[in-house]
Amino acid sequence: MKLGLVSAILEGWDLEGMLKEASAAGYSCVEVACWPAGKAERRYAGVSHIDVCNTAPEYIAQVKGMFEKYGLTISSLAFYPNPLDPEKGPAAVEHLYHVIEMSALLGVNMVTTFIGRDQSKTVEENLELVKKVWPPILDCAKEKGVKVAIENCPMLFGPDQWPGGQNLFTSPANWQKVFDALPYDNLGINYDPSHFIWQMIDYIKPIEQFKDRIFHVHVKDIKLYRDKLDQVGIMGYPLDFMSPKLPGLGDVDWGKYISALTDIGYNGPVCVEVEDKAFEGSRERIVESIVLSRKYMEQFVI
């Protein structure tokens, strides 16, 4: 396995600055945020360290050279929109095609994203949308030799994402429904155990069940506050009873998790995703957060 960093936390840095920080912190690879230019609609979105719309050979060579300079590789190009949103979905899909093309041009051959969800519709209705929207995307990716790894974040945190959330790919049951609806061997999982903590799902058992579908792994912790959960219950807004933390500061047993990944022979990227508000007060605190995360995880992954 290779320990990497999700670049979105380094929003205020350009490509070279981001790579300099990731390299200095001791990471081996980077999952590179590749959002469209413009204002972010939510936290950790809207970050773009590679312009996927610029396919000029000179720019491709420049990006490759920058990674070589800092001794880093690209684990994936990342873009996490809602492709099934009735209004914003088409624009998201259009940009996703650019991300897929750039992933192929750079020789990365991996894209990490969301399936999406119309939050006002049922699971069954959304599966019909999945069957309509996703086959052309996956056909394009397959033709270019690109794998697509879907993260299991429900994108359901507060009232603006209520009631259904903005990503259908939330649980082992829904994973299987999506894989049945989309029988593509280049479709897999970007596995983040933290999202199972607050959903009260075992985050170890699915590793064996979906061992052939795990393409990419995220490292983010979650702290569940039992006293708050007792007040609002599981039907409350998730951020009312949990919060994202640096690895080792939450409830994920990382030794157990990495051990389960070694059991199935996983040897892909394991990328730290920092979303801990306690470390966002300054650029210095952000840098500290990625260093602390690497120091904690290096006992499991180098």
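Predicted model: local features only at pLDDT ≥ 70, side-chain atom pairs only at ≥ 80, totals over all residues.
Q: Do they run parallel or antiparallel?
A: Strands 4 and 5 run parallel. Take Met 110 as an example: its bridge partner in strand 5 is Lys 147.

Q: Which strand does strand 3 join, and over how many bridges?
A: Strand 3 (residues 73-78) is joined to strand 4 by two bridges, and the two strands run parallel. Leu 77 stands opposite Val 111 in strand 4.

Q: How does the chain get from strand 3 to strand 4?
A: The chain goes through helix 3 (residues 89-105), and this β-α-β crossover is right-handed.

Q: Back to strand 4. Are the residues on its faces buried or exposed?
A: Buried, and on both faces. Met 110 and Thr 112 are on one side of strand 4, with Val 111 and Thr 113 on the other.

Q: OK, what about strand 10? Are its faces covered or open?
A: Covered, both of them. Pro 269 and Cys 271 lie buried on one side of strand 10 (residues 269-272). Val 270 and Val 272 lie buried on the other.

Q: In what sense do strand 1 and strand 10 pair?
A: Strand 1 (residues 2-6) pairs with strand 10 in the parallel sense, over four bridges. Leu 3 has Val 270 as its bridge partner in strand 10.

Q: And strand 7, how many bridges does it share with strand 10?
A: Three, again in the parallel sense. Val 217 stands opposite Val 270 here.

Q: How do its lining residues divide?
A: The lining of the largest pocket has 18 nonpolar, four polar and ten charged residues. Strand 9 (residues 242-245) gives the largest share of that lining, with four residues.

Q: How much space lies in the second largest pocket?
A: About 560 Å³. It is lined by 24 residues, and Trp 35, Glu 41, Pro 81, Asn 82 and Lys 88 are the closest to its centre. The lining of the second largest pocket splits into twelve nonpolar, six polar and six charged residues.

Q: Why does Asn 82 count as buried?
A: Because its relative accessible area is 11%, and buried means under 20%.

Q: What lies 2.8 Å from a polar atom of its side chain, Asn 82's I mean?
A: The backbone nitrogen of Arg 117.

Q: Now Asn 167. Where is that one, and is it buried or exposed?
A: Asn 167 lies in the loop between strand 5 and helix 5 (172-181). Asn 167 is buried, at 0% relative accessibility. A polar atom of its side chain lies 3.2 Å from the backbone nitrogen of Gly 116.

Q: Which loop holds Lys 220?
A: The loop between strand 7 and strand 8 (221-224). Lys 220 is charged by type, yet at 2% relative accessibility it counts as buried.

Q: How far is Lys 220 from Glu 275?
A: Their C-alpha atoms are separated by 7.6 Å, although the two residues are 55 apart along the chain. Glu 275 is also one of the residues closest to the centre of the largest pocket.

Q: What about Trp 254, buried or exposed?
A: Buried, at 0% relative accessibility. Trp 254 is found in helix 9 (residues 254-263). The C-alpha atoms of Trp 254 and Tyr 184 are separated by 30 Å.

Q: Last one. Why is Met 1 called partly exposed?
A: Because its relative accessible area is 27%, which falls between the 20% and 50% limits. Met 1 is in the segment before strand 1. The C-alpha atoms of Met 1 and Pro 86 are separated by 38 Å.

Notes. Residues numbered from 1 in each chain as written. Heavy atoms only, no water. 1 Å grid on protein atoms, 1.4 Å probe; cavity = no way out; pocket = protein on both sides within 12 Å on 5 of 7 lines; lining within 4 Å. Points joined across faces, edges and corners; volume = space filled by probe spheres on them. Buried < 20%, exposed > 50% of the residue type's maximum accessible area, 1.4 Å probe, protein only. Pairing = 2+ DSSP bridges. Right-handed = clockwise from strand over helix to strand, strands pointing away. Polar contact = N/O pair within 3.5 Å; in protein donor to acceptor, adjacent residues only side chain to side chain.
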